[in-house]
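Open the model in your viewer and keep the selection panel at hand. The stops below say what to pick and what is there.

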Amino acid sequence: MLTFRRALVIAAAVLTFFFILRGQHHDKPQIHNADHLPKPKPFRTMSEKAADHDHQEPEKAPVKESSDWKAQEIPVQQIHRPKTEQISLQDMRTKPLRQQLEYQFPYDPQSKFPAYIWQTWKYTPASGEFDEAFREPEASWTLMHPTFIHEVITDSVAAHLLRHLYASVPEVLDAYNALPFPVMKADFFRYLILLARGGIYSDIDTAALKSATEWVPSEVPRSQYGMVIGIEADPDREDWAQWYSRRIQFCQWTIQAKPGHPVLRDIVANITEETLKRKKEGKLPSDTKGIIEFTGPALWTDVIFKFFNDPEFFDMTTSKGNITWQHFTGMKSAKKVGDVVVLPITSFSPGVRQMGAGEDDDPMAFVKHNFEGTWKPEEERHIGENNE
């Protein structure tokens with residue numbers, strides 16, 4: 001006899017059987033372990049994302065600005081060399097200076113730009129002797145870069161810092177200590193600190209108009225460049241040599257770089273070798289007249305052009321000829337050569353009212369240089385810009 005309780009049991013059994021059959025014919029995958037559970041979007045694998053993408057509508061291509069970045073890239077194929085194998089300190093000391101520097105400060109083009117801002121002066125901003133004329137420009141760097149580490153390095157601190165960074169390459173320290181004038185040491189320091197630590201170096205008489213995060217278009221991956229430089233001079237006149245050392249001259253009052261960049265390695269080796277050679281011969285400079293060629297923007301410009309045309313770093317078979325000043329004269333927007341971004345004269349020299357430079361409010365104006373010429377004798381300051 002079918003009782004009420006027995007009827008409930010039979011009904012429950014029938015329903016259970018029905019749901020089992022329904023589940024076996026459902027098109028959802030069976031979950032056998034934790035790997036089959038749905039995953040949050042950030043943890044989905046590339047293959048899973050690709051599968052999802054196949055079932056989505058294609059995204060619209062982003063609207064490009066009128067100035068195409070790729071059109072500003074000088075076509076030359078850069079060669080990225082494999083990382084140096086680890087060697088002992090004793091073996092490293094037997095290598096040429098450039099190899100020692102490369103080993104101590106390896107270059108990783110895929111790395112991020114370190115968030116450092118380096119400046120040098122006789123006193124720190126906390127000192128009562130810090131020049132009031134520099135307070136606003138110096139503060140602008142912190143204001144525009146609140147998440148960066150901003151350091152104003154004094155001469156004495158610079159010497160201690162370099163002893164720490166270059167202890168394993170004593171030739172560099174010997175050269176730094178042998179340089180006869182503070183301005184030469186200041187020039188050398190900017191290359192040394194950027195080679196070892198990277199970031200931004202800018203002279204104490206410069207002001208940040210825009211954050212460094214805006215210097216290069218955001219659509220350009222940071223892994224595609226390792227140095228940002230600007231043009232100091234583009235004198236399109238017959239007597240240009242009376243005013244500047246090079247037809248196109250790159251400024252070194254503001255430089256951004258990743259640590260270990262080959263350009264920095266080469267200029268550090270160049271200054272070290274030339275200084276020690278002159279020291280041995282008793283021919284170190286007795287005045288500041290030759291600084292431009294020894295440690296300043298003339299040498300800096302030469303080293304950069306040497307890098308642009310160096311078969312060690314570029315496949316010259318893909319080049320249409322040597323890269324010269326003619327590739328940069330009259331430029332109004334940034335150009336990229338390998339992993340070096342070159343900014344137009346407006347970017348680091350706005351308001352000079354010559355050579356095609358724009359004003360301080362120009363969209364391409366990033367750094368204002370006040371041309372104080374602090375290293376010169378007082379009577380020579382503010383006279384011309386060739387010797388800055």
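**Setting up**

This is a predicted model: local features need pLDDT of at least 70, side-chain atom pairs count only at pLDDT 80 or more, and totals for chains, interfaces and linings use all residues. Residues are numbered from 1 along each chain as its sequence is written, and side-chain values use heavy atoms, with hydrogens and water left out.

**Stop 1: the whole chain**

Show the protein chain as a cartoon. It has twelve helices and twelve strands. Helices (H or I, at least four residues) and strands (E, at least two) are DSSP runs, numbered from the N terminus.

Now switch to a surface. The accessible surface comes to about 22,200 Å², by the Shrake-Rupley method with a 1.4 Å probe, where for residues only the protein chains shown count as cover. Carbon and sulfur atoms hold 55% of that surface. Of the 388 residues, 43% are buried. Buried means under 20% relative accessible area, exposed over 50%, and partly exposed in between (1.4 Å probe, protein chains only).

Contact means heavy atoms within 4.5 Å. Among contacts between residues at least 6 apart in sequence, 72% join residues at least 24 apart.

**Stop 2: the nonpolar cores**

A nonpolar core is a set of buried Ala, Val, Leu, Ile, Met, Phe, Trp, Tyr and Cys residues joined through side-chain atoms within 4.5 Å. Select Tyr166, Trp215, Phe250, Trp300, Phe308 and Phe328. In the largest core, of 85 residues, these touch the most other members. Which helix gives the most to this core? Helix 8 (residues 182-197) does, with ten residues.

A second, separate core has five residues, among them Trp121, Phe130, Val152 and Ile204.

Go back to Tyr166. Neighbours within four places in sequence aside, Tyr166 is in contact with Leu101, Phe105, Val172, Leu173, Leu192, Leu195 and Ala196.

**Stop 3: helix 7**

Select residues 170-178, which are helix 7. Its buried residues are Val172, Leu173, Ala175, Tyr176 and Ala178. They pack against helix 4 (97-104), helix 6, helix 8 and helix 9 (262-281).

**Stop 4: the cavity**

How many cavities of 30 Å³ or more does a search of the whole structure find? It finds one. On a 1 Å grid over the protein atoms alone, a cavity is a set of points where a 1.4 Å probe fits but cannot get out; lining residues have an atom within 4 Å of a point. Grid points are joined across faces, edges and corners, and a volume is the space filled by probe spheres set on the points.

The largest cavity contains about 30 Å³ of space. Select its lining: Ala159, Leu162, Arg163, Leu173, Tyr176 and Asn177. Helix 6 (155-165) and helix 7 each supply at least two lining residues. The lining divides into four nonpolar, one polar and one charged. Here Ala, Val, Leu, Ile, Met, Phe, Trp, Tyr, Cys and Pro count as nonpolar, Asp, Glu, Lys and Arg as charged, and the others, Gly among them, as polar.

Stay on Arg163, in helix 6. Arg163 is partly exposed, at 43% relative accessibility. Arg163 and Leu173 are ten residues apart in sequence and 6.8 Å apart in space, C-alpha to C-alpha.

**Stop 5**

Pick Arg278 in helix 9. Arg278 counts as partly exposed, at 26% relative accessibility.

Next, Phe307 in helix 11 (residues 297-308). Is Phe307 buried or exposed? Phe307 is buried, because its relative accessible area is 4%. Its contacts, beyond neighbours within four places in sequence, include His261, Phe313 and Val340.

**Stop 6: two positive phi angles**

Most residues other than glycine have a negative phi. Select Arg353, in the loop between helix 12 (345-348) and strand 12 (367-369). Arg353 has a positive phi of about 60°. Arg353 is exposed, at 70% relative accessibility.

Met355 is in the loop between helix 12 and strand 12 too. Its phi is positive as well, near 60°. Finish with Arg237, in the loop between strand 6 (227-233) and strand 7 (249-250). Arg237 and Met355 are 118 residues apart in sequence and 9.5 Å apart in space, C-alpha to C-alpha.

Notes:
On a 1 Å grid over the protein atoms alone, a cavity is a set of points where a 1.4 Å probe fits but cannot get out, and a pocket is an open set with protein on both sides within 12 Å along at least five of seven lines; lining residues have an atom within 4 Å of a point.
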